[in-house]
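User: I would like to go through some of the helices in this model. Could we take them one at a time?
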Amino acid sequence: MKNFSRDKLLEIFEDLLEIHSPSYKEKKVAMYIINFVKELGGEIYLDESQKEYGGNSPTIFAKFKGEGEGVTFSSHMDVIEPNKDLKIIKEDKIWKSDGKTTLGGDDKGGLAAILYSIYYLVKNNIKHRDIYAIFTPAEEVGMLGARNINWEEVYKNMNPAKNMIVVDNAGACDKVAYKAPTSYSFTFKIRGKSAHAGIEPEKGISAIVLAAKAISQFKTLRIDEFTTSNISEIHSDFPTNVVPAYVEFSGEIRGHDKDHVLEILEEYKKIVGDLTEDFEFEKTLDYPALAPRNMEFAKEILKSYKNVGVDAKEVIIGGGSDANFFADQDFNSLIVGVGMEKVHTKEEYIVLDDLEKTTRAIIDYLKLD
């Protein structure tokens, strides 16, 4: 690939890493991206929905006019803490932190891959497709940026292409994720009856015992190939000599089939209801499922990876990302990686060859011969 500069790619990556951008406080990295896009002649639209959740950075929409069928890229601007005062340790094959902070390669690596790809095409005057990009805040705390986008206003100003690549997959660059689950959080609040636990326990009804009986009957952890469930929190606070009259427990269930997920939640509700009538049940959609609109786009991306020497495979993943909310807006979303490893830990690192290969694959797909 003529004039491809790994040094420039890593320069952009380093610039981004050195800007501290925890969730809700991505303004400085947002300004870097906005200035970068404007200097290259791109159009900008800012979605100010951060006001809905107390953030300080808009979701950035960018456009670079090209020819032919367009594509939209996305990456998020926030990083997992602790990340302040990052010290980058540069080795031949990887970059990592000094172990005192996260690196922030999730998702600064994705940002760098997108920004350098655009930079390369513009600076080398290479004919390319229409390019759109969406840079989101607050992904790591519930995809709040993507979740709260005011699409009605967006479409008045910009109409991003529906084929989309979200550059935010953990692991190597040889996987193209096309399917991811929906997730629901759930909470049960069970009421029993208090009594003295030492003198007349038979007059009480232990809410904790009721919860234990219910949970023991729940299908949890790996339910089937595409469905998981986990009880993550149980709370009840009573003296040891009092039969507990209240307990609350919560968890999540993920699955690729929304109807199946909802069926299991109804099973949970029935199990509790068979034990007691005095309970409350709440469920909340954390994020919708990611499912392909068609697989032709995925095949084209796999071909671009092959063109740069990567034998990438289509995969199904078990986590959620901004891609899930974009899919709910009818984007045909794929998720690719840039070599982010041990993400969300202080041992996080990024494989530089993977970062470069995904960037090359992006350019290969975008350029028009």
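User: How far should the 13 residues of helix H2 span at 1.5 Å a residue, and how far apart are its end C-alpha atoms?
Analyst: This is a predicted model. Helix H2 covers residues 27–39, and at 1.5 Å a residue its 13 residues should span 18 Å. The end C-alpha atoms of H2 are 18 Å apart, which agrees with that expectation.

User: Which residues of H2 are buried?
Analyst: The buried residues in H2 are Val29, Ala30, Ile33, Ile34, Phe36 and Val37. Around the axis they cover an arc of only 160 degrees, so they lie on the same side of H2.

User: And which residues are exposed on the other side of H2?
Analyst: Lys28, Lys38 and Glu39 are exposed there.

User: What do the buried residues of H2 pack against?
Analyst: Their partners are helix H1, strand E1 (43–47), strand E2 (59–64), helix H3 (105–123) and strand E6 (131–136).

User: New topic: H1 and H10. At what angle do they pack?
Analyst: Helix H1 (residues 6–17) packs with H10 at an angle of about 105 degrees, and their axes are 11 Å apart. An angle of 65 to 115 degrees counts as roughly perpendicular, so H1 is roughly perpendicular to H10.

User: Which residues make the contact?
Analyst: H1 contributes Arg6, Leu9, Leu10 and Phe13, while H10 contributes Leu352, Asp353, Leu355, Glu356 and Thr359. Sorted by class, this contact of H1 with H10 has five nonpolar, one polar and three charged residues.

User: Now H8. How does its expected span compare with the distance between its end C-alpha atoms?
Analyst: Helix H8 (residues 296–307) has 12 residues, which should span 16 Å at 1.5 Å a residue. Its end C-alpha atoms are 17 Å apart, and this agrees.

User: Which residues are buried in H8, and which are exposed on the other side?
Analyst: Phe297, Ala298, Ile301, Leu302, Ser304 and Tyr305 are buried in H8. Viewed down the axis of H8, the buried residues fall within an arc of 155 degrees, so they line one face of the helix. On the other side of H8, Lys303 and Lys306 are exposed.

User: What does the buried face of H8 pack against?
Analyst: The buried residues of H8 pack against several strands, including E3 (71–76), E7 (163–170) and E15 (332–341), and against helix H10 (352–366).

User: Last one: which glycine follows H8?
Analyst: Glycine 309 follows H8, and its phi is positive, near 90 degrees.

Technical notes:
Residues numbered from 1 in each chain as written. Predicted model: local features only at pLDDT ≥ 70, side-chain atom pairs only at ≥ 80, totals over all residues. Heavy atoms only, no water. Helix = DSSP H or I, 4+ residues; strand = E, 2+ residues; numbered from the N terminus. Expected span 1.5 Å × (residues − 1). Buried < 20%, exposed > 50% of the residue type's maximum accessible area, 1.4 Å probe, protein only. Arc of directions from axis to C-beta. Contact = heavy atoms within 4.5 Å. Axes fitted to C-alpha atoms, helices over the stretch in contact; angles between N-to-C directions. Parallel < 35°, antiparallel > 145°, perpendicular 65-115°, else oblique. Nonpolar A, V, L, I, M, F, W, Y, C, P; charged D, E, K, R; others polar.
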